[in-house]
Amino acid sequence: MAERGRTPGRAQGIAETWPPGGRVHAGGFAAGSGLWPRVFDKLREWVRAEAGAGRLLPWVPVAFGTGIAFYFAADREPVLSVAVITATTLGIAAFLLRRSKFFAAAVMVASVAAGFATATFRTAHLGHEVLARSAYSVSLSGFVEARDIRERTDRFVLRVTQIDGPRLQTRLERVRLSVRKGMAPDVGSFVEMKARLQPPLSPLRPGSYDFSRDLFFQGIGASGFVTGSIKAHEPPVAGGLSLRYAAFMQDLRDAIDARIRTTLDGDKRAIATALLTGRRDAITTPVNDAMFISGLGHVLSISGYHMAVVAGVVFFAVRALLALVPVLTVAFPIKTFFFGPLASFAVT
């Protein structure tokens with residue numbers, strides 16, 4: 001009810017029920033019973049908008065990635081033939097339903113199945129033996145495929161051609177070994193050594209980072225450290241095109257690092273080397289701690305290749321947007337005027 005009146009010395013006021021013209025329903029959920037139909041109608045409207053011509057295509061990679069996530073969440077290894085047949089059948093069904101209103105849903109389901117089948121096939125294709133228990137005094141020989149120079153030690157990946165050790169039954173294809181700083185052999189060389197091998201590190205707690213999974217998909221079956229000297233020999237067989245490419249890229253990375261070291265000095269040189277070549281061994285402890293405290297430590301962990309790709313994409317996108325403004329394109333050289341100071345700031 002509303003009451004209107006005047007009180008001497010007081011302003012006029014109005015009292016009404018809320019909401020106006022209605023009444024409050026009893027109960028928490030009952031009070032919002034009229035809200036849910038509006039919410040569902042709004043969601044239905046959004047779905048119709050997303051289901052327009054060509055708008056569902058960006059969701060296909062999302063569905064594909066969801067299928068990969070389902071693979072890693074599985075309790076046991078799926079059967080490859082069943083996964084491939086299922087994905088193929090669903091793909092054919094989606095093609096046959098291309099004129100139907102169920103086409104979008106069929107494509108999404110087929111994409112999920114395709115992602116699941118792709119992850120299963122990838123695992124089966126990369127299948128290799130993994131060391132189950134620690135092995136000592138293992139004799140190894142093979143080609144050096146990669147080298148990683150770190151702050152305290154160096155690491156390299158060895159493609160094994162021959163392996164022998166006491167009670168060693170596992171035939172490993174690749175191992176990752178640590179050596180003293182400055183002792184890592186060149187990429188592409190054929191070496192022999194003795195090492196202590198350990199199984200890939202499992203997650204330290206449930207749900208934490210799984211190092212063994214990453215090493216498996218890199219084809220690495222064990223990790224360890226060299227216990228003796230590393231001897232270089234003439235390879236008994238050719239290393240292949242992939243090994244020559246890895247050696248070429250490593251030589252190019254070393255040449256860029258040498259150029260930076262002759263041009264810059266101090267922490268500027270160390271940070272530039274870390275961003276371009278991925279080598280973080282020259283960064284001093286105070287600078288390294290300051291980067292992590294400020295939240296910029298992840299920048300040093302990103303390889304130079306990814307930094308270059310991101311910088312190139314940003315440069316192209318910003319320059320293309322500025323080129324759309326006629327005043328800027330006519331009056332200013334966009335590349336030097338806008339990006340020159342930014343590049344100088346990034347270097348210094």
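In helix α4, A83, A87 and A94 are buried (under 20% relative accessible area; exposed is over 50%, partly exposed in between, with a 1.4 Å probe and protein chains only). They sit on the same side of α4, because they cover an arc of only 25 degrees around the axis, the arc being that of the directions from the helix axis to the C-beta atoms. This is a predicted model, in which local features need pLDDT of at least 70 and side-chain atom pairs count only at pLDDT 80 or more, while totals for chains, interfaces and linings use all residues. Residues are numbered from 1 along each chain as its sequence is written, and side-chain values use heavy atoms, with hydrogens and water left out.

**Overall make-up**

- The chain holds 13 helices and six strands; these are DSSP runs, numbered from the N terminus (helices H or I, at least four residues; strands E, at least two).
- Of the 348 residues in the chain, 24% are buried.
- Take the contacts (heavy atoms within 4.5 Å) between residues at least 6 apart in sequence: 64% of them join residues at least 24 apart.

**Confidence**

- The average pLDDT of the chain is 80, and 83% of the residues score at least 70; pLDDT is the predictor's confidence in each residue, from 0 to 100.
- Residues 24-31 have pLDDT below 50, and this stretch has four contacts in the model beyond near neighbours in sequence.
- Residues 344-348 also stay under 50 in pLDDT, with one contact beyond four places in sequence.
- Where pLDDT is low, the predicted coordinates should not be read in detail.

**Helix α4**

- The helix has 17 residues and reaches 24 Å from its first C-alpha to its last.
- That is close to the expected 24 Å at 1.5 Å a residue (the expected span is 1.5 Å times one less than the number of residues).

**Strand pairing**

- Strands β2 (residues 153-164) and β3 (residues 174-180) run antiparallel, joined by seven bridges; two strands pair if DSSP finds at least two bridges between them.
- Within that pairing, L158 stands opposite V175 of β3.
- Strand β3 runs parallel to β5 (residues 222-226), with four bridges between them.
- L177 has G224 of β5 as its bridge partner.
- Seven bridges link β1 and β4 in the antiparallel sense, and S141 is partnered with E192 of β4.
- β4 also runs antiparallel to β5, over four bridges, where L197 stands opposite G224.
- A further three bridges join β4 to β6 (residues 231-233), again antiparallel; F190 has H233 of β6 as its bridge partner.

**Nonpolar cores**

- The largest nonpolar core has 21 residues, of which L140, L158, V175, L177 and L197 touch the most other members.
- A nonpolar core is a set of buried Ala, Val, Leu, Ile, Met, Phe, Trp, Tyr and Cys residues joined through side-chain atoms within 4.5 Å.
- Two or more residues of this core come from each of β1 (135-149), β2, β3, β4 (190-198) and β5.
- Leaving aside neighbours within four places in sequence, the contacts of L197 include L140, I163, V175, L177, A222 and G224.
- Another core lies apart from the largest one; it has six residues, among them A274, V287, M291 and L300.
- In soluble globular proteins, nonpolar side chains tend to be buried together.

**Individual residues**

- S223 lies in strand β5 and counts as buried because its relative accessibility is 15%.
- Not counting residues up to four places away in sequence, S223 touches R176, R196, L197, Q198 and P199.
- S137 lies in strand β1 and counts as partly exposed, at 47% relative accessibility.
- The phi of S137 is near 50 degrees, a positive value in a residue other than glycine.
- R152 is in the loop between β1 and β2 and, at 72% relative accessibility, counts as exposed.
- R152 and K181 are 29 residues apart along the chain, with 6.1 Å between their C-alpha atoms.
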